[in-house]
Amino acid sequence: MREETATSSRKREHLQICCEQPVEAGDAGFQDVRLVHNALPECDMDAIETKTRFLGATLDSPLFIAAMTGGHPDTLEVNQRLARAAERYNLGMGVGSQRAALEKPELEGSFTIVREEAPHAFLCANLGIIQLRDHGIEWAERAVEMIDAQAIAIHVNSLQEAIQPEGDHNAEGCIEALRNLCREFSYPVIVKETGSGISAGTARVIRGAGASAIDIGGYGGTSWAKIERLRASGPELADLGDAFLSWGIPTVVSLHEVRTAGGPIIATGGLRSGIDIAKAVALGADLGGMALPLLKPAMESDDALSLAIEAMHRELRVAMFLTGSRSIADLRHARTYITGLTRQMIENSE
């Protein structure tokens with residue numbers, strides 16, 4: 001039971017660090033992206049349609065509430081508020097890793113509250129690929145059943161595992177576990193990075209294994225190297241965290257690479273505004289995921305969270321108007337300029 005307690009405690013510690021300390025690192029690349037302005041947009045901004053489709057679901061916006069938390073009693077209220085927002089605005093939502101509740105069923109309440117508060121929302125369950133390898137499809141099925149999800153995200157977090165004191169350093173057998181899940185599972189499988197990005201080669205492996213979608217989780221937002229560095233109990237792990245603060249593929253670069261493999265994409269990692277969501281869609285993403293920008297208002301109140309979401313939606317609509325995009329389908333064809341280091345990295349990847 002000691003491991004179960006440690007998993008739950010770690011979830012609360014991660015949440016506290018994210019809310020109280022600076023946990024972002026690097027540049028996701030969105031500052032190097034400009035949407036091309038259309039001086040004659042020929043559309044009515046008040047009639048712009050932000051609805052979109054993802055894995056069979058119709059959502060009112062491409063804003064996706066990315067996986068954040070759960071697995072500790074103190075996380076229940078945050079998930080409750082996020083779920084209410086997902087229901088109110090008809091947004092997709094992912095929950096944090098369900099490992100703690102799978103190990104200790106009495107912790108399920110911090111996850112089941114999500115479906116209770118969002119009976120109609122598109123929800124993604126969440127399981128680590130190491131846990132999938134070690135426990136098989138049964139855990140994936142339990143994770144989906146726990147929140148009555150429409151899909152499951154299998155998260156990959158090799159950097160965090162390498163630095164985390166409790167981390168699993170053996171990644172052998174994960175691709176085969178993913179392949180087995182995609183072959184036998186009756187729900188869509190999303191493979192999700194957690195802050196280091198996904199390359200074109202890895203994206204092809206993921207798609208080849210049968211995954212329905214990819215969440216790129218690029219570098220440039222919340223840094224798990226930084227979080228684990230802040231958790232480190234000794235100088236060796238702290239130094240290791242510092243050494244890998246700049247490790248990963250920036251989100252915009254990863255998006256460019258992953259789209260070559262085809263299939264639906266969620267762009268997460270450093271998106272901080274509705275303009276960033278518009279840029280991500282124009283660059284090939286289906287949804288733009290956010291965690292940290294929504295976590296802090298969710299810790300405050302329902303009203304604060306609603307204000308944050310509505311501000312992002314206003315920015316998205318204005319960006320669509322100024323590119324002459326009447327719909328998300330139009331926005332996918334909006335032109336962009338890419339400059340700076342982001343452009344250099346993209347050119348070197350081709």
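## Cysteines

The sulfur of Cys174 lies 13 Å from the closest cysteine sulfur, which belongs to Cys182, and this is too far for a bond. A disulfide is a covalent bond between the sulfur atoms of two cysteines, and here the term is applied to a pair of cysteine sulfur atoms within 2.5 Å. By this rule the count of disulfides comes to zero. Cys174 counts as buried because its relative accessibility is 8%, and Cys182 also counts as buried, at 17%, where buried means under 20% relative accessible area, exposed means over 50% and partly exposed lies in between, with a 1.4 Å probe and protein chains only.

## Basis of the model

This is a predicted model, in which local features need pLDDT of at least 70 and side-chain atom pairs count only at pLDDT 80 or more, while totals for chains, interfaces and linings use all residues. Residues are numbered from 1 along each chain as its sequence is written, and side-chain values use heavy atoms, with hydrogens and water left out.

## Positions listed by UniProt

In an unreviewed entry, UniProt lists Glu161 under "binding site"; UniProt positions are given in the numbering used here, feature names are shortened, and annotations may be inferred rather than shown by experiment. Glu161 lies in helix α7, which covers residues 158-163, where helices (H or I, at least four residues) and strands (E, at least two) are DSSP runs numbered from the N terminus. With a relative accessibility of 11%, Glu161 counts as buried. When its neighbours within four places in sequence are left aside, Glu161 is in contact with Ile130, Gly167, Asp168 and His169, contact meaning heavy atoms within 4.5 Å.

The unreviewed entry in UniProt also gives, for "binding site", Ala67, Met68, Thr69, Ser97, Asn126, Lys192, Thr222, Gly270, Leu271, Arg272, Ala291 and Leu292. These residues are spread over 226 residues of sequence and are also spread in space, up to 22.7 Å between C-alpha atoms. Thr69 is placed in the loop between β4 (63-65) and α2 (76-89) and counts as buried at 4% relative accessibility. Leu292 lies in helix α14, residues 292-300, and is likewise buried, with a relative accessible area of 8%.

## The largest pocket

The largest pocket holds about 580 Å³ of space. On a 1 Å grid over the protein atoms alone, a pocket is an open set of points with protein on both sides within 12 Å along at least five of seven lines, a cavity is a set of points where a 1.4 Å probe fits but cannot get out, and lining residues have an atom within 4 Å of a point. Grid points are joined across faces, edges and corners, and a volume is the space filled by probe spheres set on the points.

The lining of the largest pocket is made by 30 residues, and of these Val156, Asn157, Ser158, Glu193 and Thr202 lie nearest its centre. Two or more residues of this lining come from each of α5 (129-135), α7, α8 (174-184), β8 (189-193) and α9 (200-209), and α7 gives the most, with five residues. By class, the lining of the largest pocket has 19 nonpolar, eight polar and three charged residues, where Ala, Val, Leu, Ile, Met, Phe, Trp, Tyr, Cys and Pro count as nonpolar, Asp, Glu, Lys and Arg as charged, and the others, Gly among them, as polar.

## The second largest pocket

The second largest pocket has a volume of about 180 Å³, and the residues that line it include Val252, His256, Leu283, Ile338 and Arg343. At least two residues of its lining are supplied by each of α12 (251-258), β12 (336-338) and α17 (340-349), and the lining has five nonpolar, two polar and four charged residues.

Arg343 is found in helix α17 and counts as partly exposed at 45% relative accessibility. Arg343 and Val252 are 91 residues apart in sequence, and their C-alpha atoms are 9.5 Å apart in space.

## Cavities

The structure holds three cavities of 30 Å³ or more, and about 120 Å³ of space lies in the second largest cavity. This cavity is lined by 19 residues, of which Leu159, Gly195, Ser196, Ser223 and Trp224 lie nearest its centre. Helices α7 and α10 (224-231) each supply at least two residues of the lining, and the largest share, three residues, comes from α7. By class, the lining of the second largest cavity has eight nonpolar, ten polar and one charged residues.
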